[in-house]
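Here is a short briefing for a first look at the structure.

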Amino acid sequence: MWAAALSVTPTEKSLGHVPSGELSSVPFQIPRATHCKALCSEYETMTTTPKIKSPVSGPGLPRLLQMLMGILLMVCTSVPGATSAPDPKIANVKALDRLHAVLFTSYDNDVQPRFQGAPTNVSLGMVVTYIDIDELNGKLTTHCWLNLRWRDEERVWQPSEYDNITEITLRSSEVWTPQITLFNGDEGGLMADTQVTLSHDGHFRRMPPALYTAYCELNMLNWPHDKQSCKLKVGSWGLKVVLPENGTAVGESLDHDDLVQSPEWEIVDSQAQFVSQDYYGYMEYTLTAQRRSSMYTAVIYTPASCIVILALSAFWLPPHMGGEKIMINGLLIIVIAAFLMYFAQLLPVLSNNTPLVVIFYSTSLLYLSVSTIVEVLVLYLATAKHKRRLPEALRKLLHGNLGTWLLLSLFSTTGESQAEKNKEMDEHLYEDADEQDASSPLGINPAEVPGAKANQFDWALLATAVDRICFLAFSLAFFILAIRCSV
């Protein structure tokens, strides 16, 4: 060992023959750190042993060796790595293990902690990140983060006694955690298993992500501009008191500022309140969502407007074109029936609160059916071979103020010019006016009766008047229906 620590040129035996004044010329090297530890240990043995048997001869040599060992000890203390300092990481781990042992040696994770002599209260907050509503099944799906806090008066420590450790992280299986569940949903919801943080003042905190599917009573009356209010009843069967947690970003128990926007729904209002029952309590979160209905404007309202316009424009066709009118109404009826089938596939079958849009389309179907019946009657009035004269009072109305209001004055000319102007309207009528028999059972005086073409013209004028009156009536009916079904 000495030969490894000191590079001495002469041998140890010849060292005794070297004069004391020449010892300073003996060359040596600074020992390495590993050798310094051994030298220090041997030096302590030499100084503490009362009798040392020197391996060399010569007077005063043990004293000289002690002086050399003292110098070497001073050099060793200055060599890096010769002395070992405690690793701060190792010290922290030891302090953490010691703290964990102190806190949880006699801890039972099946027993609810106590605070101030009573079972601790649990604070519950929720941060909503995404929602979706299933109209057919009447369910609200919510993706959220829960914020759970509780306190244990026995799980406290002084950070100065444990290397200033103020917070530790624990597995959820190591400590008692409240069993949070959804009361009004499928299977109580899903909650991830996350870690729990414990601060030095005894506060526990856990923030697990959760997925809840709650039953929701939908009101589809104003669909597709509807607002749906759904409730989430979140709590624990074993807790009678659940306090609202105000530690969210906005200082409220329910926060949705970080909401990932749904393509169809937007949260417009939210509320939270505690509800206490006999043996349990829960937080009731109320979410009000507004449907984004910009797409439905093009899909539903534009076709509805076109249906109304086409249905009303059919009344302005000439009365003898009843076949075309009936065909237009038939096509509109088919379109409305297709929309009603679409609504039946898209919307739930509700016992009440039928959507106003569905009421509009179904009522329009009824209006078109009545309009088709009216067009059949108009076609009969305009094209049938009438032998009976139109009542004089009705004829005067058609050629008077009523005809002016119904825009019939363009057709109310007399004489030969009248027959020429209405030649198109009379193409389905009798062409032989001389076949009128004076001895008709109607008992009409031939001298006072107009010609057959004029008589047919009066009936066609009546058919046109019926069309104009039905146009006004159906316009008013569609207007009232639109106001009634407006959302």
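Helix axes are lines fitted to C-alpha atoms over the stretch in contact, and the angle between two of them runs from 0 to 180 degrees between N-to-C directions. By that description, helix α8 (residues 392-399) and helix α11 (residues 452-484) cross at roughly 65°. Their axes come within 11 Å. The model is predicted.

**Helices α8 and α11**
- The crossing of this pair, α8 and α11, is left-handed.
- From α8, the contact takes in Leu 394, Arg 395, Leu 398 and His 399.
- From α11, Phe 457, Asp 458, Leu 461, Leu 462 and Ala 465 meet them.
- By type, the residues in the contact of α8 with α11 are six nonpolar, one polar and two charged.

**Helices α5 and α7**
- Two packed helices are described by the angle between their axes and the distance between the axes.
- For helix α5 (residues 294-313) and helix α7 (residues 356-383), the angle is roughly 20° and the axes come within 12 Å.
- Angles under 35 degrees count as roughly parallel, so α5 is roughly parallel to α7.
- α5 passes α7 in a left-handed crossing.
- On the α5 side, the contact residues are Ile 300, Tyr 301, Pro 303, Ala 304, Ile 307, Val 308 and Ala 311.
- On the α7 side, they are Val 357, Phe 360, Tyr 361 and Leu 368.
- The contact of α5 with α7 has eleven nonpolar residues, no polar and no charged.

**The disulfide**
- How many disulfides does a search of the whole structure find? It finds one.
- A disulfide is a covalent bond between the sulfur atoms of two cysteines.
- Here Cys 216 and Cys 230 form it, with their sulfur atoms 1.9 Å apart.
- Cys 216 sits in the loop between β10 (209-215) and β11 (227-236), and Cys 230 in strand β11, so the bond ties together parts 14 residues apart in sequence.
- The torsion about the S-S bond is about -80°, so this disulfide is left-handed.

**Confidence**
- The mean pLDDT of the protein is 75, and 70% of the residues score at least 70.
- Confidence is highest in strand β8 (residues 196-199), at a mean of 94.
- Confidence is lowest in helix α1 (residues 2-5), at a mean of 40.
- Residues 247-251 have a pLDDT below 50, and the model gives this stretch nine contacts beyond near neighbours in sequence.
- Residues 412-449 stay under 50 too, with 35 contacts beyond four places in sequence.
- Where pLDDT is low, the predicted coordinates should not be read in detail.

Definitions and conventions: Residues numbered from 1 in each chain as written. Predicted model: local features only at pLDDT ≥ 70, side-chain atom pairs only at ≥ 80, totals over all residues. Heavy atoms only, no water. Helix = DSSP H or I, 4+ residues; strand = E, 2+ residues; numbered from the N terminus. Parallel < 35°, antiparallel > 145°, perpendicular 65-115°, else oblique. Left-handed = near helix turned anticlockwise from the far one by under 90°. Contact = heavy atoms within 4.5 Å. Nonpolar A, V, L, I, M, F, W, Y, C, P; charged D, E, K, R; others polar. pLDDT = per-residue confidence, 0-100. Disulfide = S-S within 2.5 Å.
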